[in-house]
Amino acid sequence: MGQRSKYKSFHEWLRSRMNTVGVSQTELVNALSKSGTAVGHASISRWINGKAYPPREIFPKLLQILAVHGKNTQVACRLYSGMQSKVE
C-alpha cells in the first residue's frame with residue numbers, strides 16, 4: 001500500500017521544503033534568475049501562501065534548486081499535479 005503524504009497542498013510542501021533546505025524567498029528568486037527564469041518576490045510569496053502556483057516550466061527548476069530527489073520528487077509531483085488539475 002502506498003504511503004500518504006503528510007502535506008495537503010503544494011504550497012504547504014513548498015514552504016516546508018524551503019525551510020528544510022534553508023532557502024529563503026530571496027535565495028529562491030536569485031537561484032531562479034541564475035537559471036534564466038525571472039520571478040519576483042511577490043510570485044514566490046503567492047506560491048508559498050497558496051494564492052498562485054508556479055508555471056509548469058518553472059517546476060523542474062524548483063525541484064533542482066530545492067534538492068528534491070527520490071520519494072520527495074514523487075510527493076512534489078503528486079501535489080503539483082493535483083493542484084494543476086484543479087486550476088485547468
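## Close-up views of a predicted model

**View 1. Surroundings of W47.** Leaving aside neighbours within four places in sequence, W47 is in contact (heavy atoms within 4.5 Å) with H11, L14, L32, V39, A52, Y53, P54, P55, I58 and L62. The structure is a predicted model, in which local features need pLDDT of at least 70 and side-chain atom pairs count only at pLDDT 80 or more, while totals for chains, interfaces and linings use all residues. Residues are numbered from 1 along each chain as its sequence is written, and side-chain values use heavy atoms, with hydrogens and water left out.

**View 2. Helix α3 and its buried residues.** Helices here are DSSP runs of H or I with at least four residues, numbered from the N terminus. In helix α3, which spans residues 41-48, the residues I44, W47 and I48 are buried, where buried means under 20% relative accessible area with a 1.4 Å probe and protein chains only. They cover an arc of only 90° around the axis (taken from the directions from the helix axis to the C-beta atoms), which puts them on the same side of α3. The buried residues of α3 pack against α1, α2 (25-34) and α4. After α3 comes G50, whose phi is positive, near 75°.

**View 3. H11 in helix α1.** H11 lies in helix α1, residues 10-21, and its side chain is joined to that of S9 by a polar contact of 3.1 Å. A polar contact is a pair of N or O atoms within 3.5 Å; within protein, one must be able to donate a hydrogen and the other to accept it, and residues adjacent in sequence count only if both atoms are side-chain atoms. Not counting residues up to four places away in sequence, H11 touches W47, I48, N49 and G50.

**View 4. Aromatic rings around F59.** A search of the whole structure finds four aromatic pairs, that is, rings of Phe, Tyr and Trp (its six-membered ring) with centres within 6.5 Å, counted as stacked if the planes are under 30 degrees apart, edge-to-face if over 60 and tilted otherwise. The rings of F10 and F59 have centres 6.0 Å apart and planes at 55°, so this pair is tilted. This pair links distant parts of the chain, with F10 in helix α1 and F59 in helix α4 (residues 59-65), 49 residues apart. F59 counts as buried at 8% relative accessibility. The rings of F59 and Y80 have centres 4.2 Å apart and planes at 15°, so this pair is stacked. Here F59 in helix α4 is linked to Y80 in helix α5 (residues 71-87), 21 residues apart. Ring pairs link F10, W13, F59 and Y80 into a cluster.

**View 5. The largest nonpolar core.** A nonpolar core is a set of buried Ala, Val, Leu, Ile, Met, Phe, Trp, Tyr and Cys residues joined through side-chain atoms within 4.5 Å. Of the 23 residues in the largest one, F10, W13, L14, L32, I44 and W47 touch the most other members. The elements that give two or more residues to this core are α1, α2, α3, α4 and α5.

**View 6. L63 in helix α4.** L63 has its place in helix α4 and counts as buried at 12% relative accessibility. L63 and A76 are 13 residues apart in sequence, and their C-alpha atoms are 8.2 Å apart in space. Leaving aside neighbours within four places in sequence, L63 is in contact with W13, V68, T73 and A76.

Conventions. Buried < 20%, exposed > 50% of the residue type's maximum accessible area, 1.4 Å probe, protein only.
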